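Please open the structure in your viewer and keep the sequence at hand.

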Amino acid sequence: MKCRLCKREAISEFCRFHQEAKVAVEVGYEKWVRAYGTLDMKSYLHRVIASSETGQWSKEIARYLEGMRDDKTDS
Amino acid sequence: MDGARTRSGYTLVICEKPDAARRVAEALSGGRFTTSFLDGVAVFRFEFDDEDYVASSASGHIYSISDPFGDRSVYPIFDAQWYSSDLVEEKGGPIARRIAVIGNLAKGAGRLINACDNDAEGETIGFNVMRYACGGREESALRARFSTLTRDELVEAFRNAEPQQKDTLARAGRARHLVDFTWGVNLSRLLSQSVVSEGDGYRTLTIGRVQGPTLNFLVSREREIGLFVPVPHWRVEAVFEVQGRRIPAKYSKERFETKREAEQIARDCDHREGSVTSVRTSTVNVPPPPAFNIGDLQREAYRVFRLPPNRTMQIAERLYLRALISYPRTGSQELPPSIGYAVILRGLSRIVGYSTPVGAILRGPLTPVKGTKTDAAHPAIFPTGETPGRRLSSSEYSVFDLVVRRFLAAFGPPAKKEFTSAEISVAGHKFFVGGTKMLKLGWTGYYGKYSQTKEVESATLAEDDSLRVSSIGVKEILGTGPRRYNQSTLLEKMEREGIGTKVTRAGIINTVIDRGYASGDSIVASDLGLLLVEVMEREAPAILSTGLTRTTERDLEKVESGEQKDKELLRNTVRTVALQLEQLHSADESLGKELSSAIAGRTFGSALGPCPVCKNGVLKVVKSKKTGKRFVGCTNYGSGCKASAPLPQRGVLRAANKACRHCGWPEVYVATGRRPWRLCVNRECPSKREKAHEVQAV
């Protein structure tokens, strides 16, 4: 099975790097909430995607998660 | 030298390169020598101390290690031997002719002097020439050792030429070649053949005991960058007002992990009165840096001129061959008195631009600062004091000037810096205003434009001065991710980790780039590089380990000092390589599939190289969802980087893994017909503008 975000072999849903990036983005959210006091996931993802410092795999995962949230809101 | 003209035959001097042989002839004969060309090989005849001399040279390594098969599909290879390099590298005639000429000259020579460079490589080259080209005369040959090609040093070196005391240095040098060949040829053939077996044609893929860990450094960094998620922190910055002056100040705590805490301080202090509670001034002596060893020179040349380490090495070698600087392949940071400080300095004073600093140095005691690193064979790099006879190219002049200035700096007194810090108290909070001032230039004056002397003006404040916070703000800062290596920082990392030698490191970096495993000034690991490391981690992790190569380096040092036999080291190498091959061979099929896929850019999409606009993203081939057309875009597009470029819509594209030398944008190969052509993707590339002008002019 291929990764949902690239052509590499998937471990479950994603390849090794996108899987690790998913964990990094989720852990990052906890840190951002602690730093800001309160912050919703949508704003967090938006900021992470907009930052030029965010790594390529983390950015791709953040975009994917943002898309998933938009899809849920639409339905 | 006694026994003038009594020895049968002449003395044959063998240097490492033709330029060195000419220089030796010139120096020993006082300029009275004849040059002839035998089969295209330069031979210099002259008299020295009333004896007849003939000088000729190798041209670097004229013997190389290879296997008896000459077929790149055959492995494993454990019975490698020395062959003349023309057979190995298919260079044809020139090397065979050179070996024949040296062989003929040796027949008429009463004695031989090995005058190759005084290090392990030079020892290896000289040993091989004496053994294979001169009919096994390596034990009777004399050795002349020198660090500069100046007349005085060469005369002394040749008058004191002695038989080799021990051949451990040559043994270590030869063993290094054998070890590296055994690693390189076996693993590289396995990788290349695994791709061939997938039917994707031949592609040279290499990995070795130093290349593996070097690539691993790049890939590990690439992974850290790819996974990085920035986290915000905050800084409190205030501007104070006193007697109409505005003074920026920093809060005593540099970073706040929560926004609330930082904002609370800003609220507490906004428009409040404060007072200066203390003003502290301290002075620091900054000692001069030692003279360069080769690693320091390569790093500094990269910092100030952006010269790649390999290029710096080439230029330094040219300057050495012109007798302008000492032997550059040294690890030492020491300048011993025996080099003759005063003579060199007086020589330099005759060169435009150096007379003032030299005059100042000559008025004081001549004691250069020493670094901690030493080298038994050579001192640190120093100028010889000779004036460049003919014009230097701009890069040659840059490196020459850098070496001279660093040499002068080593004799300079410490620089003196003053740091001022005023503490301001506002509502129980502390702020600081700081400044830096150069009190005494010291050695930085000699080092000139290469010194980093940044001054920060400090506000004149006195204790108990009253100030008012005119504005205060909270600045959000997003954490910055790890930085990519450039050639200089990668070289430093290799040195710190103890892999490779001062001579080989720059070449290894070049190979990693040439193979397409990485590209760019700010080095980005390619998809192929990422995948190769992933495969090695899984199948044969020892190849990536710094531990293994470090152990080999230590063993080679033991061979050099005579503590270990070279045969023992070679046996251990064969055992380790055989084990790695066995592990990789069991995964041969999947290995070929994965590598072929990465070569064809099928694995991750097609990363082309680092983005020259935002310096942080990666340029990739992207397909427009709207039009279906392909173009180049930056991975930081969503973060505001607008770098993009159109691409040819027809033909097969492949990353060239090279940055354009005109603009730094990546290049691609486009295959539409029989031969692929290389293209810089930047529409605004100056080279394209030049071509457009040419067309207009026509």
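This is a predicted model: local features need pLDDT of at least 70, side-chain atom pairs count only at pLDDT 80 or more; totals for chains, interfaces and linings use all residues.

Chain A as a whole averages a pLDDT of 90, and 93% of its residues score at least 70.

Next, move to chain B and select B:Phe240, B:Ile424, B:Phe431, B:Leu461 and B:Leu595. These residues touch the most other members of the largest nonpolar core, which holds 96 residues. Helix 6 (residues 168–196) of chain B supplies the largest share of this core, eight residues. The core lies between domain 2 (173–227 + 514–599) and domain 3 (232–283 + 415–478) of chain B, because both give residues to it.

Centre the view on B:Ile424. Beyond its neighbours within four places in sequence, B:Ile424 is in contact with residues including B:Phe240, B:Val276, B:Phe431, B:Leu461 and B:Leu467. Apart from this core lies another, of 72 residues; to find it, select B:Phe46, B:Leu154, B:Ile351 and B:Ala410, which are among its members.

How many disulfides does the whole structure contain? A search over all chains finds zero. The cysteine sulfur closest to that of B:Cys634 belongs to B:Cys641, at 3.7 Å, which is too far for a bond. For B:Cys641, the closest cysteine sulfur is in B:Cys611, also 3.7 Å away and too far for a bond. B:Cys634 is buried, at 7% relative accessible area, and B:Cys641 is likewise buried, at 6%.

Note on methods
Residues are numbered from 1 along each chain as its sequence is written. Chains are lettered from A and ligands numbered from 1 in the order in which they are written. Side-chain values use heavy atoms; hydrogens and water are left out. pLDDT is the predictor's confidence in each residue, from 0 to 100. A nonpolar core is a set of buried Ala, Val, Leu, Ile, Met, Phe, Trp, Tyr and Cys residues joined through side-chain atoms within 4.5 Å. Buried means under 20% relative accessible area, exposed over 50%, partly exposed in between (1.4 Å probe, protein chains only). Helices (H or I, at least four residues) and strands (E, at least two) are DSSP runs, numbered from the N terminus. Domain bounds come from an automatic or database domain assignment. Contact means heavy atoms within 4.5 Å. A disulfide is a pair of cysteine sulfur atoms within 2.5 Å.
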